Amino acid sequence: MIPGGVNSPVRSFRSVGGTPYFVARAQGPHVWDVEGRRYIDYVQSYGPGILGHAHPAVTEAVGAAAADGTSYGAPTEREVLLAEVLCDRVPGMAWTRLTSSGTEAAMAAVRLARGATGRNKIIKFAGCYHGHSDGLLAAGGSGVANQGLADSAGVTPGAVADTVVAPYNQIPAVDDEVAAVVVEPVAANMGVVAPVPGFLEGLRAACDRVGALLMFDEVITGFRLSPGGATEWFGVVPDLWCFGKVVGGGLPIGVFGGRDELKGRLAPLGGVYQAGTLSGNPLATAAGLATLEQLTPDAYRTLARTAARLADGMAAAATEAGAVCTVPRVGPLLGVFFCAEAPADFDQAKAAAENGVYPRVFHSLLESGVAFAPGPYEALFPSLAHTDEHIDTTVEAFAAALERNPAAD
């Protein structure tokens, strides 16, 4: 009935082996499967669960919104309020347009870049994932890489003819045929690869030199790194942004936005068309506003401290076990690689992901009641619901997994 038994390939256990657990319910840092087993959850829906599952402020907001109707096909006040909150938080972003997914947001932002510049070529980076639209699937990370694929069947040569793939953390040749350079400011779809000093600044300068647009895909980093996302964190201001995940509080949403001078290019003001029947859904905007209201500066300090405790504990456990392991962290975002040094690009991340260690550790953790993502290219998502006790339990389980795993020695 469902191909592979899942409605998104990233949920399958193809890259780790075995059969996925099916979730029955979730609360705070935990999920329970249909057989009643409880897990400390670091998937958190691949990022939206920054407050933890079923946070009362979010569930109450969604319930109240649902009582007024679930979709209207007309503008709503909460769409405007959400746009105001996002633009207030992100330095340099003057407007937003809501979609129903990060894929839609990235696809629309690329179309806008092409329409605004009159150019066709797009530069992206190997291992960065920008959704499953045809032109951006080339050398994608995350679920694409977890399936052992370089791209997707069914994508025509013409669809990717204007997509140039460059190595992450290397500034590519940007010429006057390039409409946009599209980048994850932290490459969180290949296991968390941080930008080296000068990389994002170099992209900004290269785009400015030839009149290309710089686009930050912040579907993961947006409102997780800091109140203003990666723009605030790194101090580099792009021309276009894409958001998702945290912005919807666990409901389907995507957002793209940009500098003021690009607003007039979008229909109904300009000639670049983008639309969506469920864009700005009343439930999603209610959940998003409720989530962002909880994300105060104190909340980010707590989140960063929790992530540091987890990263430091895992690294210490690996050292104690004599395991070759590194746990890169950028603020509240972290990953795990079973190699000696944190990767700087997709080739290095791929070598670590394919050495066979992650699947064994993953299943050992699962047996101990700790759920990481079922693929080595994913980030870990500690939430505000994870306490020191949850982190310490996780570190103990990680240490035990390394001891039981001969491939990690």
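**Note on the predicted model**

1. The structure under review is a predicted model. Helix 11 spans residues 357–367, and because eight of its eleven residues are buried, the helix is largely enclosed by the rest of the structure.

2. What lies over the buried side of this element? Just after helix 11 comes Gly369, whose phi is positive at about 85°.

3. The fold as a whole may now be placed around that helix. The chain contains twelve helices and 13 strands. Its radius of gyration is 20 Å, which agrees with the value near 22 Å that a compact globule of 409 residues would have. Along the principal axes, the C-alpha atoms occupy a box of roughly 60 × 50 × 45 Å.

4. Of the 409 residues in the chain, 56% are buried. When contacts between residues at least 6 apart in sequence are considered, 71% of them link residues at least 24 apart.

5. The surface and the charges deserve a separate remark. The accessible surface of the chain amounts to about 16,500 Å², and carbon and sulfur atoms account for 53% of it. There are 27 positive and 41 negative side chains, with the centres of the two sets 3 Å apart.

6. How confident is the predictor, and where should the reader be careful? The average pLDDT of the chain is 92, and 94% of the residues score at least 70. In residues 144–150, however, the pLDDT falls below 50, although the stretch has 22 contacts in the model beyond near neighbours in sequence. Where pLDDT is low, the predicted coordinates should not be read in detail.

7. Thr306 belongs to helix 9 (residues 297–321). Its relative accessible area is 4%, so Thr306 is buried, the cut-off being under 20%. Apart from neighbours within four places in sequence, Thr306 is in contact with Pro382, Ser383, His386 and Ile391.

8. Not counting residues up to four places away in sequence, Thr291 touches Ile50, Leu51, Val58, Val246 and Gly249. With one of these, Ile50, the separation along the chain is 241 residues, while the C-alpha atoms are 8.3 Å apart.

9. Backbone geometry calls for attention at several positions. Most residues other than glycine have a negative phi, and most peptide bonds are trans. Gln44 has a positive phi, near 45°, and is a residue other than glycine. Gln44 is found in the loop between strand 3 and helix 1 (56–67). Its relative accessibility is 0%, so Gln44 counts as buried.

10. Tyr46 is also a residue other than glycine with a positive phi, in this case near 60°. Tyr46 lies in the loop between strand 3 and helix 1. Is Tyr46 buried or exposed? At 14% relative accessibility, Tyr46 counts as buried.

11. A further backbone feature concerns a peptide bond. Ala267 and Pro268 are joined by a cis peptide bond, with omega about 15°. Pro268 is located in the loop between strand 10 (254–258) and helix 8 (282–294).

12. Another proline, Pro20, sits in the segment before strand 1 (23–27). Pro20 has a relative accessible area of 22% and is therefore partly exposed. Leaving out residues up to four places away in sequence, Pro20 touches Arg11, Ser12 and Phe13. The C-alpha atoms of Pro20 and Asp33 are separated by 9.9 Å, and the two residues are 13 apart along the chain.

Terms used. Residues are numbered from 1 along each chain as its sequence is written. This is a predicted model: local features need pLDDT of at least 70, side-chain atom pairs count only at pLDDT 80 or more; totals for chains, interfaces and linings use all residues. Side-chain values use heavy atoms; hydrogens and water are left out. Helices (H or I, at least four residues) and strands (E, at least two) are DSSP runs, numbered from the N terminus. The radius of gyration is taken over C-alpha atoms; the globule rule is 2.2 Å times the number of residues to the power 0.38. Buried means under 20% relative accessible area, exposed over 50%, partly exposed in between (1.4 Å probe, protein chains only). Contact means heavy atoms within 4.5 Å. Accessible areas come from the Shrake-Rupley method with a 1.4 Å probe; for residues, only the protein chains shown count as cover. Lys and Arg count as positive and Asp and Glu as negative; His and the chain ends are not counted. The place of a charge is taken as NZ of Lys, CZ of Arg, CG of Asp or CD of Glu. pLDDT is the predictor's confidence in each residue, from 0 to 100.
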